[in-house]
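Hi there,

Here is the structure I promised to pass along. Have a look, and then read on for what turned up in it.

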Amino acid sequence: MFDWKEHPHRRYNPLTGEWVLVSPHRTRRPWLGQRERPSPDNQPAYDPTCYLCPGNQRAGGARNPSYTSTFVFDNDFAALKPGTPPGAFDHGNLLRARSERGVCRVVCFSPRHDLTLARMAPALIRPVVDEWVHQYQELGALEFIRYVQIFENRGEMMGASNPHPHGQIWAAETLPNEVAKEDAAQLGYRGSWGRCLLCDYVRLEEECGERLVFENDVFVVLVPFWAVWPFETLVVPRTHATGIDELDDAGRDELASILSRLAVCYDNLFTAPFPYTMGFHQRPSDGQAHPHWHFHAHFYPPLLRSATVRKFMVGFEMLGTPQRDITAESAAARLRELPAKHYLEDQP
Ligand SMILES: [Zn+2]
Ligand SMILES: [Zn+2]
Ligand SMILES: [Zn+2]
């Protein structure tokens, strides 16, 4: 008889309509609990060679102001540019290209070169939340922008070349692929059931409990049932909001607080700085209401068993379907039991 907690199975992701293979029998052996030696905090507070530190010159030639909180600038090597001329290329119904306009910005989270979200108190993350809201509104108001993607790549493993705490914002003329899938899924769910997909999902996870990591008054952090990455999480407001700009003052504080707690928890998992890509998904910026959208953040960390052993998406996963061994339920349990205090604070 099929037991989804024992036997290999597929899990459905209702946000994208895709499946993930789960092989729980491969992790029946007890957790080895491998811990890295705590890595020291060896970054200087100011690095004269860093192009993001206050007062320093960037590769494009501009000089950063002596900023004291967050600092935003247009990416000197932007992937998308606002002045791209409109146009299309079509050949034989198979070769298709469309012009794409956009804006790419860099958001420095702090003037301090040596901090990360995990090392920033919630009160220091709050200005970052305010900046995200401001940028979402400002870029979303541009006539040619339909989607504002806010994200952070953290760690060399994720391709972040500079340790200075910063994220990026790419605002585009069309919906990116992942957003388009989630848009269609949420619209479809609302059409079928008359309710919001993620409102229903959060309620269900709060009932089950086994995939919850922690929650506060406004947000819940959980390992989604259909997670692909070993310690993937979803940060979701518990009540309906289509975008980060709908958070009131208390909601923004709660977001800063839960992001801080999650970042600390991740660093504590392998007592090492934890790499990830994180980003928000929210309603498109085309001026429509999009009531089916429930905003949320995804954290996609690549690490599997230690600070050096990562998961690769290769072989069957690249050609077929992603697969995982450690279940979402056991990943959530591992994250839940971690201390709330950052491991470096225990150092002499
Ligand atoms: Zn720096
Ligand atoms: Zn909702
Ligand atoms: Zn999403």
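A definition before the metal sites: donors are N, O and S atoms within 2.8 Å of the metal (3.2 Å for Na, K and Ca), and since water is not among the atoms, sites may look incomplete. This is a predicted model, in which local features need pLDDT of at least 70 and side-chain atom pairs count only at pLDDT 80 or more, while totals for chains, interfaces and linings use all residues. Residues are numbered from 1 along each chain as its sequence is written, chains are lettered from A and ligands numbered from 1 in the order in which they are written, and side-chain values use heavy atoms, with hydrogens and water left out.

Let me begin with ligand 2. Along the chain, the donors of the zinc ion (ligand 2) have the spacing C-x2-C-x40-H-x53-H. Cys199 sits in helix H3 (residues 197–208) and His294 in the loop between strand E12 (276–281) and strand E13 (296–300), so this pair links distant parts of the chain, 95 residues apart; helices (H or I, at least four residues) and strands (E, at least two) are DSSP runs, numbered from the N terminus. Cys196 (SG), Cys199 (SG), His240 (ND1) and His294 (ND1) coordinate this zinc ion (ligand 2) at 2.0 to 2.3 Å. The angles among the four donor atoms are 106 to 113°, and the site is tetrahedral (four donors with all angles between 85 and 135 degrees). Cys199 and His294 are both buried, meaning under 20% relative accessible area with a 1.4 Å probe, protein chains only.

Next comes ligand 1. The zinc ion (ligand 1) has Cys50 (SG), Cys53 (SG), His113 (ND1) and His164 (ND1) as its protein donors, at 2.0 to 2.3 Å. Cys53, in the loop between strand E2 (18–22) and strand E3 (71–74), and His113, in the loop between strand E6 (102–108) and helix H1 (122–140), are 60 residues apart and link distant parts of the chain. Why is the arrangement around the zinc ion (ligand 1) tetrahedral? Because its four donor atoms subtend angles of 103 to 115°. Cys53 and His113 are buried.

Finally, ligand 3. Protein donors of the zinc ion (ligand 3) lie 2.0 to 2.2 Å from it, and include Glu182 (OE), His281 (ND1), His296 (NE2) and His298 (NE2). Since His281 is in strand E12 and His298 in strand E13, the pair ties together parts 17 residues apart in sequence. His281 and His298 are buried.

Happy browsing!

Conventions: Tetrahedral: all angles 85-135°; square planar, octahedral: opposite > 155°, others 65-115°. Buried < 20%, exposed > 50% of the residue type's maximum accessible area, 1.4 Å probe, protein only.
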